Amino acid sequence: MKLKNKTKNKSSHLKKTGMAPGQFLFTGERKVDNTKIQLINYDKENIEEIQFKNIATALKKIEKSEKTSWLNIIGLHDTQVIRSIVEHFNFHNLSGEDILSVGQRTKLDDYDHYIHIVSKMFKEHNKDIEEEQVTIIFTQNVLITFQEKEGDVFNNVRERLKEGKGQIRSRKSDYLAYALLDSIVDHYFLAIEHFGNYIEELEEEVLINPSESLLPTLHEMRREAAYIRRSIFPMRETVNRFEKLEIDYMNIETKIFIRDLYDHTLQVIETVTVFKDAVNGLLDLYMSSVSNRMNNVMKVLTIVSTIFIPLTFIAGIYGMNFTNMHELEYKYGYLITMISMGVLTLLMIIYFKRKKWL
Amino acid sequence: MKLKNKTKNKSSHLKKTGMAPGQFLFTGERKVDNTKIQLINYDKENIEEIQFKNIATALKKIEKSEKTSWLNIIGLHDTQVIRSIVEHFNFHNLSGEDILSVGQRTKLDDYDHYIHIVSKMFKEHNKDIEEEQVTIIFTQNVLITFQEKEGDVFNNVRERLKEGKGQIRSRKSDYLAYALLDSIVDHYFLAIEHFGNYIEELEEEVLINPSESLLPTLHEMRREAAYIRRSIFPMRETVNRFEKLEIDYMNIETKIFIRDLYDHTLQVIETVTVFKDAVNGLLDLYMSSVSNRMNNVMKVLTIVSTIFIPLTFIAGIYGMNFTNMHELEYKYGYLITMISMGVLTLLMIIYFKRKKWL
Amino acid sequence: MKLKNKTKNKSSHLKKTGMAPGQFLFTGERKVDNTKIQLINYDKENIEEIQFKNIATALKKIEKSEKTSWLNIIGLHDTQVIRSIVEHFNFHNLSGEDILSVGQRTKLDDYDHYIHIVSKMFKEHNKDIEEEQVTIIFTQNVLITFQEKEGDVFNNVRERLKEGKGQIRSRKSDYLAYALLDSIVDHYFLAIEHFGNYIEELEEEVLINPSESLLPTLHEMRREAAYIRRSIFPMRETVNRFEKLEIDYMNIETKIFIRDLYDHTLQVIETVTVFKDAVNGLLDLYMSSVSNRMNNVMKVLTIVSTIFIPLTFIAGIYGMNFTNMHELEYKYGYLITMISMGVLTLLMIIYFKRKKWL
Amino acid sequence: MKLKNKTKNKSSHLKKTGMAPGQFLFTGERKVDNTKIQLINYDKENIEEIQFKNIATALKKIEKSEKTSWLNIIGLHDTQVIRSIVEHFNFHNLSGEDILSVGQRTKLDDYDHYIHIVSKMFKEHNKDIEEEQVTIIFTQNVLITFQEKEGDVFNNVRERLKEGKGQIRSRKSDYLAYALLDSIVDHYFLAIEHFGNYIEELEEEVLINPSESLLPTLHEMRREAAYIRRSIFPMRETVNRFEKLEIDYMNIETKIFIRDLYDHTLQVIETVTVFKDAVNGLLDLYMSSVSNRMNNVMKVLTIVSTIFIPLTFIAGIYGMNFTNMHELEYKYGYLITMISMGVLTLLMIIYFKRKKWL
Amino acid sequence: MKLKNKTKNKSSHLKKTGMAPGQFLFTGERKVDNTKIQLINYDKENIEEIQFKNIATALKKIEKSEKTSWLNIIGLHDTQVIRSIVEHFNFHNLSGEDILSVGQRTKLDDYDHYIHIVSKMFKEHNKDIEEEQVTIIFTQNVLITFQEKEGDVFNNVRERLKEGKGQIRSRKSDYLAYALLDSIVDHYFLAIEHFGNYIEELEEEVLINPSESLLPTLHEMRREAAYIRRSIFPMRETVNRFEKLEIDYMNIETKIFIRDLYDHTLQVIETVTVFKDAVNGLLDLYMSSVSNRMNNVMKVLTIVSTIFIPLTFIAGIYGMNFTNMHELEYKYGYLITMISMGVLTLLMIIYFKRKKWL
C-alpha cells in the first residue's frame, strides 16, 4: 500500500508564507485540464443533473432553483472559478483561501450564514490509497464541494439521490453534508482495512524470515500509520462540532444521524490507533526475531569452536617436535589419541544437549 | 486461550461502505438455522416463558400483556424479524442498522422513548472465550435483546426471574437492563481470569526456557490483551451514561445498583490494564532472558577460546621446523612445556572465577 | 518483601459471577475461628470497651447508648452477623454485599443516611507486608469497621481514644472515620518505605553483580510496585469525596483534617509512583549492566584471539614441511621469529591500550 | 540545520536571580550598535515611515498622530529607550522587565489598557535558522514591537501596509498584531520544513550506512526537535487567549482571522510533533540498523570459523608426529584428505544456504 | 552535583506514623545549636532588624508594632518555640504539625485568617545543591518563615527591604510572601542550571568514552532529575492557588506579580522536564555508544579471525606429514604458498573495505 499526495501537501504551506490572509492562491498541483462544474438539483419529487462549462451560468441556475442544489467543483487551479463562487455567495475571503490551500487540517468553521468543512478523503486508486482534500460548504439550500481531481467517494450518495432511496431526497443540504461526511468516514475503513491486511502479511514474514530488507518497510509503515492517524484524528472534533451546531437550517433529525456518524468516527480512530500499536509491535517483534537469530548464529559458532578448538590443541601437542615425546612412539598412541578426541567430542555434545543448544 | 469472532468483525464495516444509513443489512455471518424468539413475561406474582416461531404473534402477546416483557431474539440473519420489531415499537432506523451491524463499539444511545445499548459479551465455549455482540433495547415495560447465536451469559438472570429471588421480579425493565449488563460485566472477569492464568503459565516458561517459539505466542497475547481492553473500555462510559439517564421510567433505586455496576466496570478495566502491562512485562522479560542466554553462550565461547588459543599457539611454536630450537632436545623440554600449559590453564581458570564467569 | 493476600483476592470476583446483586456471600477465605465483636463507646468524659459474643446484644447496647459507638467486627465468614448489622441499621443490601466481597476497589459511597468506605490496609506481619480489606461505615453516632482477620493499624487510634489525647474524644464518628483513614494512609508509608529499602539494596547488587538470578526478582518487584500503586491510587478520589461530602453530621472542623489527609494521600501516591519508576529504572540498569558485561566478555575474547591467532599463524608457517624454506636453517631464524612475535604482541597491546580495551 | 541563540537564552534567567521584580535589566547580549527606532503611521488613505534617533521625538510624533502607529524598536541593550516607552504609555514595570528578559516563554498578558505578547521568531539566516524573541505590545492605536537585532519576518506585513493590499490599512492595531503573529507562525513552517528535509536526508543515510558518526547528529536532532516543539507549543495557548480577549478595541472581524491563525498554529504544532516522533523513529531505525550490521558481522565470523576450524583440525591431525600413522604413507592419503575437506566445506556451505546466512 | 537532605526526608513520615494529627513532633534532624529568632519590622519610612533569644519577647514586639513584621525562625528542633507562635497567632494545630514535618509536599493552605505555604528551597552550599523545607505563614501584617538551618535564598529580599529599593517597603506581607516565593523560584533556576551544565559535561564523555563507570552516574542523575522535578512540580499549583486567593488583605497589584511568578514557575518546570528528557536521552545515547563499541570490537575480532583462520588452515595443510605431498618438494612451493596467502589477505582486505569495516 502506498499513500499518494502526501509529501506534496507537506510543503503547501510554504508557498503561501508571507502572503496576506484571504488571498486566492492555489497551493497544490494542477491535476485536471479543465475545471469541471457539476450541479445536482433535487427535491422530494424531482432531480436533475447538469454539467456546466461556465460558473456564472451554474450560479444563475442555482439562484433560480427552489430545490436543494449540490454544486461539485473538480479542479482548483482556476482560482477565478473559486473567486466567483465565494463572491456570489458572499463567503468570507478566508474560506476562499482555505478551499485553495490543500494540506489543511480537517476542521469545521461556522460562519453564521454558512458552514465550511475541510476534510481528507481516502479513496482507492489502482492498488494504492489516494488522499485528497475535499471542502464542503453549505447554506440552507446549497451545498458546494471542492475537489482537487476527478474520482471521489460520493458515488453512492449520487445513486441514492437519483434512485430516491432513503430519506436523502426529502431532506435539505444539512443532511446532504452529513451523507457526504458519512461516506468519507466509511471510506476511511476501507483504507484502514487495506493497511490492516498489509500488517498481517508482514507479521508472518517477520516471524518466519526477519530479513534486513523488512526494516525500511516497517519503518515506512510506522510513518504511514502515524500519518493516517493524524489525518483522521481531527475528524472527531469536526463531527462533534457538526453535531453541536446551533443553526436554524439544521434539522433535529439530522443530528441523530450525525451522532451515529460520530460513533463511526470514534471507531475508525480506535481502529487506526490499534494499527499504529500493531506496527510498533511488529517493529518490536522484528527486533526480537533478529536478536533470536543472532543468538542462533552465536550458538553455532560457539558449538563449533568449543568442540574443535580443544581438539586442534591436542593435535597441536602431538605435532610438536620435542625429541623426548614417548607417546609418539607408542604402538596405540595414535589410536588412543583419536579415541580420546572422540570421547571429548561426545562429552561436549552431551553438554550442549543439556544446555538445550542443540 | 483464543478469542473467536474477532477477525470477522473487523471487516464487518466494509460490507456496508457506501450504503444509505438506516439500511437493514446484517454484516455478520449466519450462525443459527432459524431465528429463535423467546419471550418472558413477568410481574411480582407471575412469570411465563414462551417460544414463538412468528414474530408477529410475539409482538401481539407483548402488546396485550401488562407485565414486564423480555423478548430475546437469537439469530440476526433474518432481517425481516428485526424490521418487524423496529417498526412495531417505532424504533429509529439507525437502531435497526445498529442491531444488524456486528462489530459495533459498546455504547448507549438515548432515543427519548427508548434506550439502545450495544455491548460485547464474553462467554466461555469449550476452552475458548467467545465474543458476541448483544443489543439491549428497553422501554418502560419491554426489554428486547438481540444475539447472534445461541448461548449467552444471562442464565443466572433467567433463574432469578423464575425463582423470584431478589428484587428482580418486583422491578421493571430498567432493572432488568441493569441485571443483564451486570451479568455481562461479571463474565468479563471470567474472560480476564482465563487470560491471567495463561499469563502466569507463560511467565514461568519465559524464565526457565525462553525458547524462540514463545515469541509469536507473546506477540499474539499482546494483541489479544489490547483487543480485550479495547472491547471493554467503552463499557465504562456506557454504564456512566446509563446512571446519568434522565428518563421517567428509570427507578431511583436502580441507579444505586448501576453505580455499583460502574465500580465493577472500573475494576474490570483496571484489571485488564494490569494484564496488558503484564504482557508487556513478559515480553521485556523474554528479551532479557534471551539476552542473558546469549551472554552465557558468549561466556562459554570466550572461556574455551581464551584457554585453548594460547595453548595451541605454544604447541604451534614447538611444531616449527627450525633447526636451531634447542628446547626441543632438552630432556625435560616436553614435560616443562606441558606443565607450563597446565599452569597457564590454571591461571586462566582463576581469572575466570574472579570475573564470576565460572 | 512479599505482599500476601494478593493472588487470592484476584479470583474473589469469580465466586460471585452470576449471582443476584445484594447477595450476602463471603468471597474471601475464613481467617479467624470466631467472629469477634468489639465495641468502644466514648464521649468527652467517658469511654468503655466491651467484647461481645452475640451481635444482637452489641446492637442493643449501641441503641441504648448516647455516646459515639465504634463497633469493630473481625472475621467475615459468618454472614449472619453481617446481615444482622445491615438490617439493624437499615443499610442497603449492596453495602452488605460489598462488606463481604474482599478484593474491592477502594471507594466511598454516600447512601444518604450513612457513608460506606472500602479501603485497603497494609500492615506489617513478621517481615512481610500483609494487605487486608477494611470496610468503614459510619452514621452520625455509630462507626462500624469490618476486617477479615485480627491485627490492624488502628491501635494508635484506640490509644488516643483511651487516653483522651487530642480532640478525638470530643468529636463524633466523622472524626473517627477520618482518624482511621489517616492511620491507614500513614501505614501506606510504612509499606512503601519497606519497598524503598528493598529497591536500594537491589540497586547496589545490580551495579556490582548483575547475575541472572536477579531478573525474576526485578520482574516480581515491578509487578509488586504496580500492584501497590493500583491499590493506593483510588484512595485519592476516596479522600477527595470524603472532603466534599455534604452531610449534616459532618463537622466543618473535620474537613480541615481531611484536607490534610488528602495532602498525605497525594504524597504517598507520588512516592509510590517514584518507586514504580525506580523499579523500571532498575530493570534498565540491569539490562545495561548485562550489556556492559557482555561487552567485557567480548573484549577479552577479541584481545586473546587477536593476539594469538596471528602468532599461531606464524608458528604454522614455520611448521610447514616445505623442503625449500631457508629461514628454517638460519642460525638466528628461531630467535628472530620469536622476537618478531614479541614485537607483534607489543604492537597489539599498544593498539588495545589506545582503543581503551585494556 | 542549526538553531542559534539557543544556549545563550538558557542562562538568561540566571543574570536576574535575586533582583527585585520589575527591574530593567537586559539579560541578552548586545547585538546591534545602536538602537533603531522605526515608526510607521498609517490609516486607510495615507502611510508614512520615519526613522528616529531619539525615542522622545518618536513618542511625540505618535501622540500627535491620529493614525495607527507601529513603532519598531531594534536592539534592547539601551534600557533607557525601553524605560521611556514604558513610562510614556504607562505600561507596568513587569512589562518592561519582560521586554528585556530574552528567553521568556511565549505568552499573552492582558493589562487592561494594553496587551503584551511575547513570542519566539524563527527566521532564516544564511543556511541556519535563527531564533529571536520578539515582544508585541498594543493598545487601541499604537503597536510596539521589540526585537533583539535587525532582520525579522515582518517584511511582507510592511509591504502589504505600503501597497495597501488586503484590509490591513483599513484596520487598527489589533489586526496589525494578528498580521505580525500570523507572519511569525508562517515562518515556523519554514523552520520546520528545513528540519523535515534534514530528517529525510538522514533517513536514507541511516538505512544505507548507519555509521557511528550519525549517533551524535541524531542525538542533537532529538534535542533540537524537543527544543523547537517547546518553543512553539505555548503559541497555541497564546493565540487562544488572543481570540478570547474581551477588550473593546478588538474588532469582531479580527477574531475570525485569529481563529484561522489558531488553526495554523495547531497544524504547526502537529507537524513539529510528527517530526519529533520521526527523529525518535530515526534513532530506533539507527539502532536496528546497527543491530542488523552486527548480525552480519557475526555471520561472516561464524561462517569463516565454522568452515575453517574443523578443516584446520583435520590438518592438525595429520601434522601429528606419531610414528604409527599409516594413513600418512598411503598413496592417496593426501588426495583423499583434501577431497574430504572439500566435501566438508561444500556441506557447510549448503547448511549455511539453508539457514539463509549466505 | 549532589543533592543533600534527600534520603533523610524520605523517612520523615515514618517517625510520625500512628500519632494523632496536629501533634508537635519535629521529624527532621537538629541542624543548628540554638533556634534563631530574627525580626524585621518595616513600613514605607522605617525598617528595624532585631535578633531575639526569647520567642515571647519577639511576639510582644510584633504585637506592639504597627509596621509589617517578618519573623524568621531558624531551627525547628525546639518545638516549644513553634508551639508559642502557633498559640499566639491562633494557628491551627495542623499548621504546627506541618511546620515541623520536613519532607512535606509544596502546598498552600488557606486557613481563612492566615495563609500557610510549604515550599522547597534549593540553595547552593559549597559545590552542592542543598534542599531545605521552608514554611511561610502570613496574615495581614505579619509574615513568619520557618527554616531548618542557617543560610537561605532570601538575602536579596532583605537587601531590597533595607535599601528600600522597588515597592517592597510600601507593601504589606502579601507582597513579601510573593517576594520570598519569587526568590525561591529564581533559585530553582540556579539548581537547574547546575544540573544542565553537568548534563552537558556528561554528554561529551558519553559520546567519546562511554566507560562502564558512567552507568551508575547516569542512573543516579535520572533519579536526581526525577526528584528535582517532583519537588518543583507542585509549586505550580501552589502559585496558582496563591494567585486565586480571595482574601481581603491581598492587594490587587500583588496579583499581577504573582501571575508573573506563575509564568516563571511554568518555565522552571518546563526546563526541568527538558533536563529529565535529556538525562533519558543520555542513557539511550550511552546504550547506543556501548552498542557501537561492541560492534567495533566484533569487527576487529571478525577481521582478524577471517584473515588468519584460513591462512592458518593453509599452513596447517603443508604442515601435514603425508609422504606423498609433492608440492612440498617443488622449488617454488614455499614461495607460491606465501604469495597465495598474500593475495588471499589482499582480497579479504578489499572485501572488508567494501563492507566499510575498515
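**View 1. Strands 6 and 7 of chain C run antiparallel and are joined by five bridges.** This is a predicted model. Strand 6 of chain C covers residues 128-138, and strand 7 of chain C covers residues 142-147. C:Ile137 stands opposite C:Ile144, a residue of strand 7. Strands of a sheet pair through backbone hydrogen bonds, and the pairing is either parallel or antiparallel.

**View 2. An open sheet of seven strands in chain C.** The strand order is 2-1-3-7-6-5-4. Pairing within this sheet is mixed. Strand 2 (47-52) and strand 4 (107-111) of chain C are the edge strands. Each of these two pairs on one side only. From one strand to the next, the twist averages 20 degrees.

**View 3. The contact between chain B and chain C.** Chain B contributes 60 residues and chain C contributes 62 residues. About 5,500 Å² is buried between the two chains. Carbon and sulfur atoms give 62% of that area.

**View 4. A salt bridge between C:Arg223 and B:Glu203.** The N to O distance is 2.7 Å. Between chain B and chain C, the count is six salt bridges. Polar contacts between these chains number 16 residue pairs, with both residues at pLDDT 80 or more.

**View 5. The side of chain B that touches chain C.** Helix 6 (155-163), helix 7 (173-208) and helix 9 (252-317) of chain B each supply at least two residues. Helix 9 of chain B gives the largest share, 35 residues. By class, this side of chain B has 25 nonpolar, 20 polar and 15 charged residues.

**View 6. The contact between chain C and chain E.** Here 61 residues come from chain C and 62 residues from chain E. The area buried between chain C and chain E is about 5,500 Å². Of this area, 61% comes from carbon and sulfur atoms.

**View 7. A salt bridge between C:Asp284 and E:Arg222.** The closest N and O atoms of the pair are 3.4 Å apart. Six salt bridges are found across the interface of chain C and chain E. Between chain C and chain E, 16 residue pairs are in polar contact, both residues at pLDDT 80 or more.

**View 8. The side of chain C that touches chain E.** Two or more residues come from each of helix 6 (155-163), helix 7 (173-208) and helix 9 (252-317) of chain C. The largest share, 35 residues, belongs to helix 9 of chain C. This side of chain C divides into 25 nonpolar, 20 polar and 16 charged residues.

Terms used: Residues are numbered from 1 along each chain as its sequence is written. Chains are lettered from A and ligands numbered from 1 in the order in which they are written. This is a predicted model: local features need pLDDT of at least 70, side-chain atom pairs count only at pLDDT 80 or more; totals for chains, interfaces and linings use all residues. Side-chain values use heavy atoms; hydrogens and water are left out. Contact means heavy atoms within 4.5 Å. Buried area is the accessible area (1.4 Å probe) that two parts lose on being put together, summed over both. A salt bridge is a side-chain nitrogen of Lys or Arg within 4 Å of a carboxyl oxygen of Asp or Glu. A polar contact is a pair of N or O atoms within 3.5 Å; within protein, one must be able to donate a hydrogen and the other to accept it, and residues adjacent in sequence count only if both atoms are side-chain atoms. Helices (H or I, at least four residues) and strands (E, at least two) are DSSP runs, numbered from the N terminus. Ala, Val, Leu, Ile, Met, Phe, Trp, Tyr, Cys and Pro count as nonpolar, Asp, Glu, Lys and Arg as charged, and the others, Gly among them, as polar. Two strands pair if DSSP finds at least two bridges between them. Axes are lines fitted to C-alpha atoms, for helices over the stretch in contact, and angles run from 0 to 180 degrees between N-to-C directions.
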